[in-house]
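This briefing is for a reader new to the structure. Please look over the sequence and the model before going on to the points below.

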Amino acid sequence: MAEKSSAVTAEKLTSVKAEKLTAVKGMNDILPPDSARWEWLEQTVRGLMARYAYRNIRTPIVEPTGLFVRGLGEVTDIVEKEMYCFEDRLNGEQLTLRPENTAGVVRAVNEHNLLYEGGKRLYYMGPMFRHERPQRGRYRQFHQIGAEALGFGGAEVDAELILLAQSLWASLGLTDVRLELNSLGQPDERKAHRAALITHFEQHADVLDEDAKRRLHSNPLRILDTKNPAMQPVVAAAPQLLDFLGEASLAHFNAVRAILDANGVAYSINPRLVRGMDYYNLTVFEFITTQLGAQGTICGGGRYDYLIGQMGGKPAPAVGWALGVERVLELLKASSASVPEASPDAYAVLPDATALPQAMQLLQALRAQGLCVQMHASPTADGMGSMKSQFKKADASGARFALVFGQDEMARGEVGLKPLRGERQDTGTQQAFFRLDDAATLAAALRP
Ligand code: ATP
Ligand code: MG
């Protein structure tokens, strides 16, 4: 086995040398300054999750292929055409880059018996992989943030999760987000609806596309999730699941609605909202914006009361959602919401490299006081460069102050502080001097 794999590697290496090395199509580098938006979003989410008492879970990016086939359902877009599957070269195991993370979370919950002392509220962030046609808001490596409440059966957690997402949009300053809600009922209610659906679609067999024809008998509900514009009329006219719901399902739906109403959360009921995975029942929902064209769904979720049991755990109800980070950030860019910028408090310039040891000692002390200070760094090994070029860099860094470690100041045991921005600079405020051995006083002057 080892011999075989090393031969493959050598062969591949030769072709790699000739190729231009670029990222895989549909997989993006996230670079500064854009990465600051990512960090800001992640920080906002962490703060919010803590306030709702959701705790972080981190599961592997690679899982056994069977996990997704069993979890999401064989007749779904993801399992049929979007998964990155490969065979472990060493032991032949079938593996998949996770296309979503609810299945992984449920696996972990079962494997570690996390629900033995009651329900758990969890959240995750990370990359997901789907082989789709790359376009705006649709990538092959994309990122999700998800929240899952496992081991809870009541409408209060459905509503809590929706309120949590709603507060996230508010914290981010996003206003163009609307909520669509539906109930998928329970399996027995779906059975009756399924029969009616098949009859309906059979009557319109001429307008069904290939996917729909294939799914007509294996998974007709999936047809409602089609993105094919030509099929929208026949989907719109299809029998609605809501009309098949029994008393208990309707009561659950109404209980969720009552909590949302009391909290002033606006929503519309979309009877055709079914979501892309098979594991959902009762409440399903999506948050949608009009600003991102066809990729307008920024977050989707629902209840999945049978998944934990179906994946081998002790049956327990659960509900969750996942948002698409790229889409939320794209929406953030399109809206007026402003992301706080990260510029250093001060940029340190030095005419002479011999001052470095003492200067960098002071910078360390300032950082220990919580300040952001950037040391000028030379592109070559032969000195710090002219003061003019150093001040240019200081300006470009966005720092509010320059710390000037000039020879005369240093000889007096001092460092110069020069404002680079705002009023203090316009009025020509002179350079001030601070003791090198008193970082606390200097730190106070640097604080915004
Ligand atoms: P879509 O209908 O747009 O394909 P989906 O129903 O497949 O979305 P989910 O599986 O519900 O999406 O994933 C939750 C969220 O993750 C979506 O609402 C979307 O914001 C985001 N998302 C899904 N697929 C992608 C992708 N390929 N690229 C970027 N974001 C994605
Ligand atoms: Mg999809």
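A search of the whole structure finds zero disulfides, a disulfide being a pair of cysteine sulfur atoms within 2.5 Å. The model is predicted: local features need pLDDT of at least 70, side-chain atom pairs count only at pLDDT 80 or more, and totals for chains, interfaces and linings use all residues. Residues are numbered from 1 along each chain as its sequence is written, chains are lettered from A and ligands numbered from 1 in the order in which they are written, and side-chain values use heavy atoms, with hydrogens and water left out.

**Cysteines**

- C85 is partly exposed, at a relative accessible area of 43%; here buried means under 20%, exposed over 50%, and partly exposed in between (1.4 Å probe, protein chains only).
- C372 is also partly exposed, and its relative accessible area is 39%.

**Surroundings of ligand 1**

- The shell around ligand 1 holds 16 residues, each with a heavy atom within 4 Å of the ligand.
- R130, E132, R138, K227 and R275 are the closest of them.
- By class, the shell has six nonpolar, four polar and six charged residues; Ala, Val, Leu, Ile, Met, Phe, Trp, Tyr, Cys and Pro count as nonpolar, Asp, Glu, Lys and Arg as charged, and the others, Gly among them, as polar.
- At least two shell residues come from each of β6 (141–150), β10 (297–303) and β11 (318–324), where strands are DSSP runs (E, at least two residues) numbered from the N terminus.
- β10 gives the largest share of the shell, three residues.

- The side chain of E132 has an N or O atom 2.6 Å from a nitrogen atom of ligand 1; a polar contact is a pair of N or O atoms within 3.5 Å.
- For R138, a side-chain N or O atom is 2.8 Å from an oxygen atom of ligand 1.
- Q144 places a polar side-chain atom 3.0 Å from an oxygen atom of the ligand.
- The protein buries 93% of the 590 Å² that ligand 1 exposes when taken alone, with areas from the Shrake-Rupley method and a 1.4 Å probe.

**Strand β9 and its partners**

- Strand β9 (residues 281–288) is largely enclosed by the rest of the structure, because eight of its eight residues are buried.
- β7 (residues 178–183) runs antiparallel to β9, and six bridges join them; strands pair if DSSP finds at least two bridges between them.
- L179 has F287 of β9 as its bridge partner.
- Six bridges also link β9 with β10, again in the antiparallel sense.
- T297 in β10 is the bridge partner of I288.

How values were computed: Polar contact = N/O pair within 3.5 Å; in protein donor to acceptor, adjacent residues only side chain to side chain. Helix = DSSP H or I, 4+ residues; strand = E, 2+ residues; numbered from the N terminus.
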